[in-house]
Amino acid sequence: MDIDSLLKCLMSPSCIMGQIINGVIIAMILFLVASGLSLILGVLGVLNFSHGSLYMIGAYVTYTVMETVGNFGVALLTAPIVVGIFGLILERLFIRRIYGYDELYQLLMTYAFILILDDVVKFIWGILDLSVPMPRTFQRPPVHIFGAIFPVYYIFIVLAAAMVAVGIWVFLSKTKLGKIINTAASDPEMLMCLGINVPLVYTLVFGLGSLLAGLGASLAAPLRSIAPGMGFAVIIESFVIVIIGGLGNIMGTFAIALLFGLLRSFGILGFPLYELSFIYILMTVVLIIRPAGLFGRLRS
Amino acid sequence: MKLMGAFRSNSWFFASVGCLIIIPLLFPSLAFINIISEILIMALFAVSLNLLIGYTGLISFGHASFFAVGSYTVGIILQNFSSSLPLAIPLSLLWGMVLSGIIALPIGYFCTRLSSIYFAFLTLAFSQIIYAVIIKWQNLTGGDQGLVGGIPKPPIVLGGLVIDMSSPFALYFLIVVAVCISLLVIKRITDSPFGWILRALRENSARMSFLGIDAKKHQIAVFVISGIFAGLSGGLMALHLSGSYPDHAYWTKSAEPIFMIMLGGLRTFAGPILGALIVTELSVYMCKYTGIWGLGFGSFLVLYLIVIREGILDVFIKWRERRRSAISHKK
């Protein structure tokens, strides 16, 4: 344990600010991925273990676009769309067949795609770690806030993720399609009686969830190395956040992602030995006390 | 007489055990005993999980917890105290089982308070805590490297009898004996009144509580039993690999026995064993001939789910029952 360095950090505003920003960056990227997972779990009731692999594909597509076109803006648009379309196809051909079956079938089907996609990625991009350079627009002198120094790109990530969070929230609660999606989660039969093509809604939701995974991956690409198998850690962290936040609850997901990021960045200072288990202990406690998650309702 | 009856009703089982012992004696091949050891260990792991999934209807996503506890217990005991004990290997395996059972008790207590998907998530959370502990407790577990440097295998001394365990064949026979005895014990448990209560709980736990049966107590009991045998399989795996690794606790390790159960069939005792055979064989041959294990095995799983969807032995039993009823109908 290293309480001293945590206390020392808490004494200086610049260190606090630096850790907060680091935590928020982790949180924002995880939020994007987890919100897609949460949407799919909440509306379709599918445990999509392959969500981490969709994230991985997003990262690789970002890499390829950066290599060929060299423009990060293009990559940021292309990668989510490619992953989204891939998600549409995946749902239409395979995932659709396991709705309403045991969680075991869902685990089996989506896990199979983890294995397949990991190998496909190895074929196309090789097994070595790849990295995406910092986009030229953001190659500027770092910013100082409260004495903490960080790259301009960090601010961009925070802004982009916050916009997406608000965007999803407005989309789900204010627009007609959003309301249809909400109803598809709670009463698909009534929706069908109203003449709405529920299977199509499901496909769209899966596509949207995949798109969010792609967006998260694309934003994270300049910060993290890209390798086959990178989806395994992402999926488990996203699941933790979705479960603690409450299945299908986007705002809950956002709050817990923030908590996760801050626990990480401050925990690693004060309790480097226990930091990894903090979030799982939290998940355990939440599941024992409030199985539906901190902000969720129990799913029957 | 009772013994003879036990032999007759499990004749398939004893014939297979006989083959497993005689074949390596006649044709000693390291490759063969390696793959059979792995199949047997994974079969025990899958059968122990099927006590929860198939018999009791509790879907656990965190069974790797107990596999890892068993594996690390055996590894740590043998690496630190192996020279001072005459029965180091059996004792370490026993400790692996005891510790897995002790850890399974509180985990089972909390998990069985939840149902369906929340049960699965809570088992997953506990297994990730154990994974985190293994990664971070470097002095004891070697961190993300695992217990490297090999696990010593001191001879087993029984009175005047000394068995040299450093030979791979001796280890193979130990694995055969340990797995087969465990399978017999688990079979006996599933055939006991306790085993039938578990099946009844799976079908309708409310009705069982009307009959005055404490559902939760039985679920915790089977959770602990299942954890004990998973711990033994983990301990055997540590001996087989001569090392314990953090991925023994990772969530992917919990997924492996689920594949085996789903492929082999979860309504029969032998289903998970068949599943372990198929999955292990498939991965060995796909690695050997194609080098694209993930793509091949993944596509196989997807096709299987679309076309057959049920475990092989489940399909077989349904087919046999239909045929029987058709025949009796004709008469």
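## A:Ile116 and its partners

Leaving out neighbours within four places in sequence, A:Ile116 is in contact with B:Gly294, B:Leu295, B:Gly298 and B:Ser299 (contact: C-beta atoms, placed from the backbone, within 7 Å). This is a predicted model, in which local features need pLDDT of at least 70, side-chain atom pairs count only at pLDDT 80 or more, and totals for chains, interfaces and linings use all residues. Residues are numbered from 1 along each chain as its sequence is written, while chains are lettered from A and ligands numbered from 1 in the order in which they are written.

A:Ile116 sits in helix α5 (residues 103-125) of chain A; helices here are DSSP runs of H or I with at least four residues, numbered from the N terminus. A:Ile116 counts as buried because it has 21 C-beta neighbours inside 10 Å (buried: 20 or more other C-beta atoms within 10 Å of its own).

## Where the chains meet

Now to the interface: 32 residues of chain B are in contact with 30 residues of chain A. On the chain B side, α6 (116-136), α12 (251-264) and α14 (293-307) each supply at least two residues. The largest share, 13 residues, comes from α6(B).

By class, this side of chain B has 26 nonpolar, five polar and one charged residues. Here Ala, Val, Leu, Ile, Met, Phe, Trp, Tyr, Cys and Pro count as nonpolar, Asp, Glu, Lys and Arg as charged, and the others, Gly among them, as polar.

## An enclosed helix

Helix α10 (residues 231-245) of chain A has 15 residues and reaches 21 Å from its first C-alpha to its last, close to the 21 Å expected at 1.5 Å a residue (1.5 Å times one less than the number of residues). Of those 15 residues, 12 are buried, so α10(A) is largely enclosed by the rest of the structure. Among the buried ones are A:Glu237, A:Phe239 and A:Gly245.

The cover over these buried residues includes α2 (13-44), α3 (51-68), α5, α11 and α12 (275-289) of chain A, together with α6 of chain B. Just after α10(A), A:Gly246 takes a positive phi of about 105 degrees.

## A helix pair in chain A

The axes of α6 (residues 152-174) and α11 (residues 250-270) of chain A come within 10 Å and cross at roughly 160 degrees. The two helices are therefore roughly antiparallel (angles over 145 degrees). Axes are lines fitted to C-alpha atoms over the stretch in contact, with angles running from 0 to 180 degrees between N-to-C directions.

The contact is made by A:Ala165, A:Ile168, A:Trp169 and A:Leu172 of α6(A) and A:Ile250, A:Met251 and A:Phe254 of α11(A). These divide into seven nonpolar, no polar and no charged residues.

Conventions
Parallel < 35°, antiparallel > 145°, perpendicular 65-115°, else oblique. Contact = placed C-beta atoms within 7 Å.
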